[in-house]
Amino acid sequence: MGNQEPTFSAVYLECKRRELMQLRAQLRKTTNAAEAEERRTMLAADLQVHEHEDDAQRLDALEKEGNLVRRDIQRIARVERALEKLDEGTYGFSDVSGRRIPDNRLDVMPDAINTVAEQEASERGH
């Protein structure tokens, strides 16, 4: 991290902690609900007489929902990391480069753990 000192007040950091904890709870709730819906859909499909086209539509819907759940799970991991960074005193600095993450990025995305350019590079690499 170098000699960079956090420039955030204790009040700001506590506000971010609350935001992150609320976001984590919301993401977990959404993920759990989506997974429960997937189980109900699969069970209902097994119990009903149906056409192959119905199966294809259900599978398509489940795949799309699964992608949303995976995205939420990835975001939960970022939220957890941001909470760790608060505890470590490194919140607001990139995990990749150690550079300061701009305040406007943290305001919009309190779970940001790297800069926009680093995030985009990471997404292109996957």
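Leaving aside neighbours within four places in sequence, L20 is in contact (heavy atoms within 4.5 Å) with V79, A82, L83, L86, Y91, P110 and D111. This is a predicted model, in which local features need pLDDT of at least 70 and side-chain atom pairs count only at pLDDT 80 or more, whereas totals for chains, interfaces and linings use all residues. Residues are numbered from 1 along each chain as its sequence is written, and side-chain values use heavy atoms, with hydrogens and water left out.

**Overall fold**

- The protein chain has four helices and zero strands, where helices (H or I, at least four residues) and strands (E, at least two) are DSSP runs numbered from the N terminus.
- Along the sequence, the pattern of the protein chain reads α-α-α-α.
- Among contacts in the protein chain with a separation of 6 or more, 61% come from residues 24 or more positions apart.

**Burial and surface**

- Of the 126 residues of the protein chain, 32% count as buried, a term that means under 20% relative accessible area, with exposed being over 50% and partly exposed in between (1.4 Å probe, protein chains only).
- The protein chain exposes about 8600 Å², of which carbon and sulfur atoms supply 53%; accessible areas come from the Shrake-Rupley method with a 1.4 Å probe, and for residues only the protein chains shown count as cover.

**Aromatic pairs**

- The structure holds two aromatic pairs, counted when ring centres of Phe, Tyr or Trp (its six-membered ring) lie within 6.5 Å, with planes under 30 degrees apart taken as stacked, over 60 as edge-to-face and the rest as tilted.
- The rings of F8 and Y12 are stacked, because their centres are 4.8 Å apart and their planes are at 10°.
- The rings of F8 and Y91 have centres 6.1 Å apart and planes at 55°, so this pair is tilted.
- Since F8 lies in the segment before helix 1 (10-47) and Y91 in the loop between helix 2 (52-88) and helix 3 (103-108), their pair ties together parts that are 83 residues apart in sequence.
- F8 is buried at a relative accessible area of 14%, and Y91 is buried at 2%.
- Ring pairs link F8, Y12 and Y91 into a cluster.
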